[in-house]
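Keep the picture open beside the text and look up each residue as it comes along.

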Amino acid sequence: FTKFVMASYNSNYFFDFIDLSGGEPLHWPYLEEALVLLRKYPIAKESVIFTNGLEIIEDNIDKLTNIIKNLDRLEISTVNDNTHNIEIAKKYFSDMVPIHIGNKEFFYTTPDGFHEDTLPAVCGVNAIGVLGDTIYICANCHTHMLTFPEYKEDTLSTEVCDFYLDKIDFFNRLNKPYCALCISNTKTDPYLKYVKNKIKAW
């Protein structure tokens, strides 16, 4: 993460927001350190955490306060058993940071197959993704590699280094097979299914 922040700062790359998500970001032992680094080297307008909130408990308040004070937005997804955690977050942190609660009773599934008319894609994400020492031009790219391993050798990624964005072919990414299977490609809209969330919304 330090490599990414410094490479971005040294290359004059700045972002609307940086979203630390998961897995579960509150399990990451370097989370506080990462947020302090983003304050010292402000490469983004906002620092955001997206969490299921299960680590937001009374016993962790002191630790979490040190994290939240360096945050610009806290996003919590609703799961079956985190209503109490959400109440704790509101009690202790609502005066420190905006808290957004995810509450989707319905959601869209990915397309059921490849459709040629969905390429080249019209991407609605326009965000890079970082995992370990790899930067993915698409924020969804690593997830696609897990879902569609047949495209694993075509990850459109680059190692963290100065001017990493200059090493990525933006146009070419919109013609990749997994773009045709991504809900962020607006051309896939006719092939998406709107289904009820199995997780009870809060």
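Just after helix 1, N12 takes up a positive phi of about 60°. This is a predicted model, so please read every value here as computed from it. N12 is not a glycine, although its phi is positive. Most residues other than glycine have a negative phi, and most peptide bonds are trans. You can find N12 in the loop between helix 1 and strand 1. Is N12 buried or exposed? With a relative accessible area of 58%, N12 is exposed.

Another residue with this kind of backbone angle is F163, which is not a glycine and has a positive phi near 60°. F163 sits in the loop between strand 8 (157-159) and helix 6 (170-173). Its relative accessibility is 43%, so F163 counts as partly exposed.

Now step back into helix 1 itself. Here F4, V5, A7 and S8 are buried. What do the buried residues of helix 1 pack against? Their partners are strand 1 (15-20), helix 2, strand 6 and strand 7 (134-136).

**Aromatic rings**

A pair of aromatic rings is described by the distance of the centres and the angle of the planes. The model has 8 aromatic pairs. In one of them, the ring centres of Y9 and Y41 are 5.0 Å apart and the planes stand at 75°, so this pair is edge-to-face. The pair links distant parts of the chain, since Y9 belongs to helix 1 (residues 2-10) while Y41 is in the loop between helix 2 (31-40) and strand 2 (44-51), 32 residues apart. Y9 is partly exposed, at 33% relative accessibility, whereas Y41 is buried, with a relative accessible area of 18%.

Ring pairs also join F1, F4, Y13, F15, W28, Y30 and Y164 into a cluster. F4, as you saw, is one of the buried residues of helix 1. There is a charge over a ring to look for as well: the charged end of R73 sits over the ring of F17, 5.7 Å from its centre.

Helix 2 holds L35. The relative accessible area of L35 is 0%, so this residue is buried. Which residues does L35 touch, not counting those up to four places away in sequence? They are L20, S47, I49, I67, N70 and L71. For a sense of distance, pick out H100: its C-alpha atom is separated from that of L35 by 19 Å, and the two residues are 65 residues apart along the chain.

T118 is found in the loop between strand 5 (106-108) and strand 6 (129-131). T118 counts as buried because its relative accessibility is 0%. Leaving aside neighbours within four places in sequence, T118 is in contact with A180, N185, K187, T188 and Y191.

P120 lies in this loop too, between strand 5 and strand 6. What is the form of the peptide bond from L119 to P120? The bond is cis, with omega near -5°.

**Empty space inside**

Rolling a probe the size of a water molecule over the atoms shows where empty space is left. How many cavities of 30 Å³ or more are there? The count is 2. The table sets out their volumes and the classes of residue in their linings.

| Cavity | Volume | Lining by class |
|---|---|---|
| Largest cavity | about 130 Å³ | 11 nonpolar, 4 polar and 1 charged residues |
| Second largest cavity | about 30 Å³ | 2 nonpolar, 1 polar and 2 charged residues |

Around the largest cavity there are 16 lining residues, and those nearest its centre are C123, C138, R173, C179 and C182. The second largest cavity is lined by L26, E55, N60, K63 and L64.

Key: Residues are numbered from 1 along each chain as its sequence is written. This is a predicted model: local features need pLDDT of at least 70, side-chain atom pairs count only at pLDDT 80 or more; totals for chains, interfaces and linings use all residues. Side-chain values use heavy atoms; hydrogens and water are left out. On a 1 Å grid over the protein atoms alone, a cavity is a set of points where a 1.4 Å probe fits but cannot get out, and a pocket is an open set with protein on both sides within 12 Å along at least five of seven lines; lining residues have an atom within 4 Å of a point. Grid points are joined across faces, edges and corners, and a volume is the space filled by probe spheres set on the points. Ala, Val, Leu, Ile, Met, Phe, Trp, Tyr, Cys and Pro count as nonpolar, Asp, Glu, Lys and Arg as charged, and the others, Gly among them, as polar. Helices (H or I, at least four residues) and strands (E, at least two) are DSSP runs, numbered from the N terminus. Buried means under 20% relative accessible area, exposed over 50%, partly exposed in between (1.4 Å probe, protein chains only). Contact means heavy atoms within 4.5 Å. Rings of Phe, Tyr and Trp (its six-membered ring) pair if their centres lie within 6.5 Å; planes under 30 degrees apart count as stacked, over 60 as edge-to-face and the rest as tilted. A charge sits over a ring if NZ of Lys or CZ of Arg is within 6 Å of the ring centre and within 35 degrees of the ring normal.
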